[in-house]
Amino acid sequence: MKKNQKFNDRLQEHLKELSPQLLKAAQFISTHPYEVATRSLRYISKSATLPPPTFSRVAVALNYKNFEELRESCRIEIKSNRFFYSERAKSQQNEILSDSNHTPFIFHQSNATVNNISSLLNSIDHKKMKIVVKRLIKAKRVILLGGMSSRPFIDYMAYMASMVFDNWQVLHGETSSMTNLHLGMKDNHVAIVISKAPYSSYTINAARALNEKGVYVVGITDEHVSPLIAFCSESFVVKTETPLFFQSHAATIVLIESIMGSVVAGGGMAVRKRIASIEAANKQSDIYFSTNRTPKSNT
């Protein structure tokens with residue numbers, strides 16, 4: 001028996017050995033991995049209409065040390081192959097329906113967000129942050145990369161960076177973009193890569209390619225088992241826990257704003273002059289709306 005063998009593989013091997021009651025418990029685990037990974041044993045046993053000891057017995061029958069080890073294997077499987085939005089939406093709906101106090105969802109979401117940000121604050125490696133910030137300030141070129149749900153935050157970071165530097169750019173998903181980029185990559189270049197489960201194949205493969213080119217890759221991801229970490233020079237793990245069906249990016253926003261704030265703080269006079277000049281140009285070009293501005297005629 002392999003230590004990291006997936007639950008369904010174990011179930012297949014021991015299927016004929018399970019009693020009807022243990023088989024029912026195993027089938028529940030197989031079809032509800034997210035609930036098993038995140039909910040209490042009492043909740044799980046009630047949902048499956050089985051006594052709690054049944055789940056402990058099925059764990060031992062499948063060669064886990066105990067139910068907690070089985071639960072942890074579900075967490076790892078979910079995090080490494082997390083295509084479970086519909087399952088999470090179902091769990092979210094069930095939890096709201098079972099809430100006898102009818103607590104507004106914003107309270108649940110806010111509490112989860114505060115916990116994620118608190119976790120970031122307590123776990124952040126300040127020495128690592130200083131190293132990354134110095135690299136970004138001195139970099140000849142900075143590449144920003146993120147796919148799927150991470151892409152808007154890469155664009156947000158790029159917009160902030162455009163007011164500070166002229167050598168930061170977003171790497172788009174086109175093959176031509178990747179090919180042209182690789183032709184000019186050097187070891188004095190830095191890449192910031194954001195990837196959360198379910199991980200984008202393009203993002204992970206691009207991070208691997210950048211790493212192989214000697215680029216200093218800074219990863220922002222959601223788990224220590226994330227496939228992105230293997231290709232990073234430095235990485236930050238940010239919690240995304242939430243009662244919502246979709247993972248939360250609130251703590252990630254705090255991290256990227258903190259990185260940009262630190263870069264500006266350490267950028268000196270050149271940074272201040274660039275921000276001032278761009279702001280002045282935007283005002284002159286009427287990019288910023290003003291109530292004192294006379295509307296232009298359409299005629």
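## Close-up views of a predicted model

View 1. With a relative accessibility of 16%, Ser235 counts as buried, because the cut-off for a buried residue is under 20% relative accessible area. This structure is a predicted model. Ser235 is part of strand β5, which covers residues 234–237. Setting aside its neighbours within four places in sequence, Ser235 is in contact with Lys128, Gly219 and Ile229.

**View 2. The protein chain as a whole.** The protein chain has 299 residues, and buried residues make up 42% of them. Its secondary structure comes to 14 helices and five strands. Contacts between residues at least 6 apart in sequence can be sorted by their separation along the chain: 70% of them join residues at least 24 apart. The accessible surface comes to about 16900 Å², and carbon and sulfur atoms account for 55% of that surface.

**View 3. Ser226 in the loop between β4 and β5.** Ser226 sits in the loop that runs between β4 (216–221) and β5 (234–237). Ser226 has a relative accessible area of 5% and is therefore buried. Ser226 and Ser195 are 31 residues apart along the chain, and their C-alpha atoms are separated by 8.5 Å.

**View 4. Leu171 in the loop between β2 and α11.** The loop shown here lies between β2 (168–170) and α11 (175–183), and Leu171 is placed in it. The relative accessibility of Leu171 is 3%, so this residue counts as buried. Ala206 is 35 residues from Leu171 along the chain, with 9.3 Å between the C-alpha atoms of the two residues.

**View 5. The salt bridge between Glu68 and Arg71.** A search of the whole structure finds two salt bridges, one of which joins Glu68 to Arg71. The closest N and O atoms of this pair are 3.3 Å apart. Both residues belong to helix α6 (residues 67–80), where they are three residues apart, about one turn of the helix. Glu68 has a relative accessibility of 44% and so counts as partly exposed. Arg71, at 6% relative accessibility, counts as buried.

**View 6. The salt bridge between Asp155 and Arg151.** Asp155 forms a salt bridge with Arg151, and the closest N and O atoms lie 3.0 Å apart. The two residues are separated by about one helical turn because they are four residues apart in helix α10 (residues 151–162). Asp155 has a relative accessible area of 35%, so it is partly exposed. Arg151 is also partly exposed, since its relative accessible area is 24%.

**View 7. The positive patch that includes Lys127.** On the surface, Lys127, Lys130, Lys134 and Lys138 gather in a patch of positive charge. Lys127 is found in helix α9, which covers residues 126–138. Lys127 counts as exposed because its relative accessibility is 69%, and the cut-off for an exposed residue is over 50%.

**View 8. Thr49 in the loop between α4 and α5.** Thr49 is not a glycine, although its phi is positive, at about 55°. Thr49 is placed in the loop between α4 (41–48) and α5 (52–61). The relative accessible area of Thr49 is 58%, so this residue is exposed.

**View 9. Met148 in the loop between β1 and α10.** Met148 is a residue other than glycine with a positive phi, near 50°. The loop that holds Met148 lies between β1 (141–146) and α10. With a relative accessible area of 52%, Met148 is exposed.

Note on methods: Residues numbered from 1 in each chain as written. Predicted model: local features only at pLDDT ≥ 70, side-chain atom pairs only at ≥ 80, totals over all residues. Heavy atoms only, no water. Patch = residues over 30% accessible without salt bridge, like charges linked within 9 Å, V, L, I, M, F, W, Y side chains within 5 Å. Areas by Shrake-Rupley, 256 points an atom, 1.4 Å probe, with all protein chains shown as cover. Salt bridge = Lys/Arg side-chain N within 4 Å of Asp/Glu carboxyl O. Lys, Arg positive; Asp, Glu negative; His and termini not counted. Charge placed at Lys NZ, Arg CZ, Asp CG, Glu CD. Buried < 20%, exposed > 50% of the residue type's maximum accessible area, 1.4 Å probe, protein only. Contact = heavy atoms within 4.5 Å.
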